[in-house]
Amino acid sequence: MSEFLDLNNLESFWDKIKINLKNKKFEKEKIAMENSLGRICGEKIQARESLPPFSRSTVDGFAIKARDSAGASANLPTYFEVIGEIEMGEETELEIEEGEAVAIPTGGMLPKGADAVLMIEYTEYLDDNTIETTKAVAAGENVVVKGEDIEKGETLFTEGHRVRPRDIGAMAGLGITEIEVYNKPEVAVISTGDELIEPGEKAGPGEIKDINSYSITSLLSSYGAETKRAGIIKDEFDLLKNAVEKNLNSDLVLISGGSSVGIKDMTIKILDSIGEPGVLLHGLSIKPGKPTILAIIDGTPVIGLPGHPASAWTVTRILLKPIIQFLLGEIKAEEIGRINESSTDNNFDYSFQAELTRNVVSDKGREEYIPVRLFRDNEKLMAEPILGKSSLITTLVRGDALIRIDTYEEGKNKGDKIKVELIEPEIY
């Protein structure tokens with residue numbers, strides 16, 4: 001088919017996806033704070049109280065007025081009258097005046113009138129009620145004041161924020177026990193091929209164990225999607241059609257193997273026969289991933305992935321990640337593709353520069369992605385290309401990052417400083 005030979009650039013793919021997803025309606029749910037790791041905030045999260053809720057000491061020592069320690073030195077120590085002691089975990093009614101001090105533990109509530117704490121190491125008791133110090137402190141030293149971490153009413157996270165482990169700690173400290181998050185998108189992965197069997201089965205002549213549905217669902221789950229393996233489907237029209245129709249209630253359907261040369265015509269006919277508008281493009285100018293299919297069936301995106309494991313995984317990594325981010329509520333429709341190009345997650349860039357260890361040749365006319373192994377040579381970060389056929393999953397297993405060769409480049413040279421992006425920077 002000429003459609004297969006007329007390769008589409010990635011911009012065309014992103015444009016078609018954005019047009020068909022921009023009116024997507026998102027549902028939300030309330031979940032416990034401790035179960036929110038990796039979920040996307042469906043609301044603005046604001047502090048319901050100040051953190052810390054009271055001014056407290058960060059060291060063991062004595063709470064004082066900082067100005068009373070001014071000029072203290074080994075030659076001219078300063079003296080304080082100790083008027084009491086703060087108990088940990090209790091509110092204090094003590095109030096200090098000029099020249100007074102209160103013994104305080106780390107985390108203890110600062111008494112009224114105090115604005116600094118002398119570390120116990122710099123003090124010495126002269127009698128039961130008198131200490132001296134040779135150390136001057138400034139106002140605010142060794143103290144965290146009420147609301148210094150975050151003020152009541154201040155925004156902690158905006159809508160669309162992906163919850164990280166440290167975020168859960170912050171919410172716990174603020175007494176936030178429940179938050180609203182976007183529902184996880186459901187992704188169905190269909191494996192096709194007469195030769196495929198399940199990993200636990202014994203392979204006969206010409207049979208091979210299914211890799212793609214496991215590697216793809218695992219990758220998408222790490223992005224936050226709710227994934228399901230829809231089974232291995234033989235290369236028969238009715239069987240594949242029924243499998244697609246059965247899973248159209250998902251937010252996204254992936255067909256692994258349905259875009260290969262052998263059954264591409266059948267897959268396209270199936271997708272066009274189920275609903276509108278059907279197949280939007282077949283063939284992308286990327287390597288690996290040339291035979292990728294994009295269809296929209298009654299509002300549900302259906303993407304046909306190459307059958308070779310490394311190709312299927314790479315296409316999922318490059319194309320599906322930003323789509324999943326959108327379906328999660330993490331980015332807006334107009335950011336799809338642009339987010340992919342900038343390689344960012346939670347506004348943090350997981351790409352950096354490394355030196356290439358060997359020449360890499362690439363075919364002009366297709367954007368190419370190659371896995372690399374990272375290692376250090378003295379102080380230099382090196383990237384060693386892992387070259388292999390797209391049917392070999394171990395090229396990815398041995399890789400730490402991906403490099404991209406642009407469409408009109410013929411390759412990269414040994415010694416070039418190149419941008420590398422970690423393959424899997426986060427797993428939730």
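Glycine 329, which comes just after helix H7, takes a positive phi of about 90°. The model is predicted. Helix H7 spans residues 309-328 and has a kink of about 45° at leucine 320.

**Helix H7**
- The kink at leucine 320 lies shortly before proline 322.
- Of the 20 residues of H7, 20 are buried, so the helix is largely enclosed by the rest of the structure.

**Packing of H4 with H7**
- Helix H4 (residues 212-223) packs with H7 at an angle of about 30°, and their axes are 9 Å apart.
- Because angles under 35 degrees count as roughly parallel, H4 and H7 are described as roughly parallel to each other.
- The crossing of H4 past H7 is right-handed.
- H4 contributes Asn212, Ser215, Ile216, Leu219, Leu220 and Tyr223 to the contact.
- On the H7 side, the contact residues include Trp313, Arg317, Lys321 and Ile324, as well as Leu320, where the kink lies.
- By class, this contact has ten nonpolar, three polar and two charged residues.

**Packing of H5 with H6**
- Helix H5 (residues 237-246) and helix H6 (residues 264-274) pack at about 45°, with axes 10 Å apart.
- This angle makes H5 oblique to H6.
- H5 passes H6 in a right-handed crossing.
- Phe237, Leu240, Lys241, Val244 and Glu245 of H5 make the contact with H6 residues, among them Met266, Lys269, Ile270 and Ile274.
- Seven nonpolar, two polar and three charged residues make up the contact of H5 with H6.

How values were computed:
Residues are numbered from 1 along each chain as its sequence is written. This is a predicted model: local features need pLDDT of at least 70, side-chain atom pairs count only at pLDDT 80 or more; totals for chains, interfaces and linings use all residues. Side-chain values use heavy atoms; hydrogens and water are left out. The bend at a residue is the angle between axes fitted to the seven residues ending there and the seven starting there. Helices (H or I, at least four residues) and strands (E, at least two) are DSSP runs, numbered from the N terminus. Buried means under 20% relative accessible area, exposed over 50%, partly exposed in between (1.4 Å probe, protein chains only). Axes are lines fitted to C-alpha atoms, for helices over the stretch in contact, and angles run from 0 to 180 degrees between N-to-C directions. Angles under 35 degrees count as roughly parallel, over 145 as roughly antiparallel, 65 to 115 as roughly perpendicular and the rest as oblique. A crossing is left-handed if the near helix is turned anticlockwise from the far one by less than a right angle, and right-handed if clockwise. Contact means heavy atoms within 4.5 Å. Ala, Val, Leu, Ile, Met, Phe, Trp, Tyr, Cys and Pro count as nonpolar, Asp, Glu, Lys and Arg as charged, and the others, Gly among them, as polar.
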